[in-house]
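Here are a few friendly notes to read alongside the model. Take them one at a time, and keep the 3D view open as you go.

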Amino acid sequence: MVFLFEADDVEKLKAAEGRYPQHVDFKHLRRHREDQGYPKGLLISNDNEWLCQRKILSNPLMLKIGHQIKHLEELTLKTLANAVEDYTVNGFGTFEVEPITRDFAINAFGSVLYGNSFESTFTQNGKTMQEFAEKAKNNFDDAKKLLMTPECIMKMHPAWKRHNNRWNFLLKTTMDMIERHSNDTSDCSILSHLLQNRKLNDKEIYINLTDLLVASIDTTNTTLQWCLYELACHPAAQDTIISEAEMILEGRSSLEKTDLDKLEFLSAVLWETLRLHRVGFFTSRIIKDCMEVKGIMIPPQTNVAISMYVMARNSVLFPNPDKFVPERWMTDNAKIKKLNRDVFFGFGPRMCLGKKMAEMEMKLFILKFCQQFEFSTDDAEMDQVVKLLLTPSRPVKINTVLRHLTD
Ligand code: HEM
């Protein structure tokens with residue numbers, strides 16, 4: 001395996017990844033699916049099989065983005081209203097953010113997949129979906145162990161059984177959700193689109209919907225926790241988010257998708273959070289063509305990884321790299337701008353399928369959270385723990401006061 005970490009290397013890797021980019025073999029998922037007679041799904045497919053599924057899944061996702069903002073806004077407000085009710089007394093409260101960010105992450109992407117009625121089934125089946133999120137999260141940890149174990153002895157690892165049992169639960173929950181929502185064609189969910197156009201068979205739909213929800217929950221949940229943590233340490237940034245929104249919205253309380261695109265500082269806060277606290281720390285490709293780096297030829301079929309973590313802490317591009325400085329993204333420096341396009345959500349044709357949706361969800365949540373609460377933290381030093389994703393070492397706790405009380 002070769003590790004690269006300079007911004008220019010991404011371009012070289014893009015040139016060598018070929019038309020059908022291939023990442024490292026997720027052998028733990030592949031073996032479980034083979035054993036159970038399931039198809040691979042987008043996440044672990046390659047070549048034309050990957051490209052076909054990518055097209056089938058990205059079309060409805062793109063369509064949904066334009067229509068989703070009103071629902072997401074309502075969802076965010078509802079999530080925060082519940083938080084106010086549950087965690088604050090007389091407008092003040094100290095609470096862990098994870099239950100709130102996790103509920104939001106499940107509901108936000110759950111409604112993209114299954115339709116806006118997902119939220120009410122989520123409430124009825126709250127326990128099941130919480131369990132789904134919990135098992136998906138624990139599987140990231142076991143996936144790390146299984147990925148590092150040779151395939152010939154992988155099934156002897158204690159993590160193998162746990163991992164499979166959890167996957168069986170995740171798939172079963174998806175089947176229940178599909179059954180529950182298959183007649184709901186009212187708000188063009190991904191499910192209704194897939195059932196109508198029938199380009200994927202039933203098993204392919206099960207696998208892909210499970211993978212999409214798993215890929216969406218912890219990535220969004222973890223990033224939002226880190227973002228609230230950084231904002232709690234930097235209250236002035238909360239004020240800037242609010243004043244920027246006041247300027248762009250000019251008295252309107254409801255947002256359009258185009259408003260979010262104009263909120264430059266809010267985007268910068270998200271990029272800076274992802275720079276410091278990437279949910280994963282490298283993205284890899286099995287290269288198709290040979291590539292040359294610093295005079296060394298790397299042969300085809302080598303696993304080449306870009307270390308996003310190292311790249312994002314490069315002190316030439318990012319002076320004082322360990323400091324949270326959102327303003328550094330509000331620049332004309334093309335190299336820095338390119339990094340947020342190519343790094344946080346991967347690069348090239350195989351970049352994150354949920355990038356645009358995830359950005360929209362997270363920006364909305366952060367903005368509404370800052371408009372609702374003024375918040376700080378007593379926890380000045382938070383370490384990162386590698387669980388495949390880079391998660392906070394302790395629960396993120398914040399001290400809040402309802403903002404209208406401080407105005
Ligand atoms: C903070 C949020 C997220 C981050 C930082 C993130 C990051 C990433 C990264 C780095 C990759 C690897 C890309 C590559 O190999 O070049 C990826 C792949 C992927 N992500 Fe995300 N992701 C996020 C949210 C989501 C969401 C909400 C979805 C739901 C659709 C999603 C679905 C996927 C899928 C399906 C892939 C595999 C794509 C493929 O193999 O073609 N992600 N993500």
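1. Let's start with helix H4. Of its 17 residues, 15 are buried, so H4 is largely enclosed by the rest of the structure. Please keep in mind that this is a predicted model.

2. Just after H4 comes Gly115, with a positive phi of about 105°.

3. Now turn to the ligand. Its surroundings comprise 24 residues, and the closest are Trp50, Arg54, Arg285, Arg350 and Cys352. Sorted by class, this shell holds 15 nonpolar, 6 polar and 3 charged residues.

4. Which elements each supply at least two residues of the shell? They are helix H3 (47-87), helix H10 (202-233), strand S3 (282-286) and helix H16 (355-372). H10 gives the largest share, with 5 residues.

5. Next, look at the oxygen atoms of the ligand. One lies 2.7 Å from a polar side-chain atom of Arg54, and there is a distance of 2.8 Å between a ligand oxygen and a side-chain N or O atom of Trp50.

6. Finally, find the iron atom of the ligand. What is its single donor from the protein? It is the SG atom of Cys352, 2.3 Å away. Cys352 sits in the loop between helix H15 (334-342) and H16.

How values were computed: Residues numbered from 1 in each chain as written. Predicted model: local features only at pLDDT ≥ 70, side-chain atom pairs only at ≥ 80, totals over all residues. Heavy atoms only, no water. Near = heavy atom within 4 Å. Polar contact = N/O pair within 3.5 Å; in protein donor to acceptor, adjacent residues only side chain to side chain. Helix = DSSP H or I, 4+ residues; strand = E, 2+ residues; numbered from the N terminus. Nonpolar A, V, L, I, M, F, W, Y, C, P; charged D, E, K, R; others polar. Donors = N, O, S within 2.8 Å, 3.2 Å for Na, K, Ca; no water. Buried < 20%, exposed > 50% of the residue type's maximum accessible area, 1.4 Å probe, protein only.
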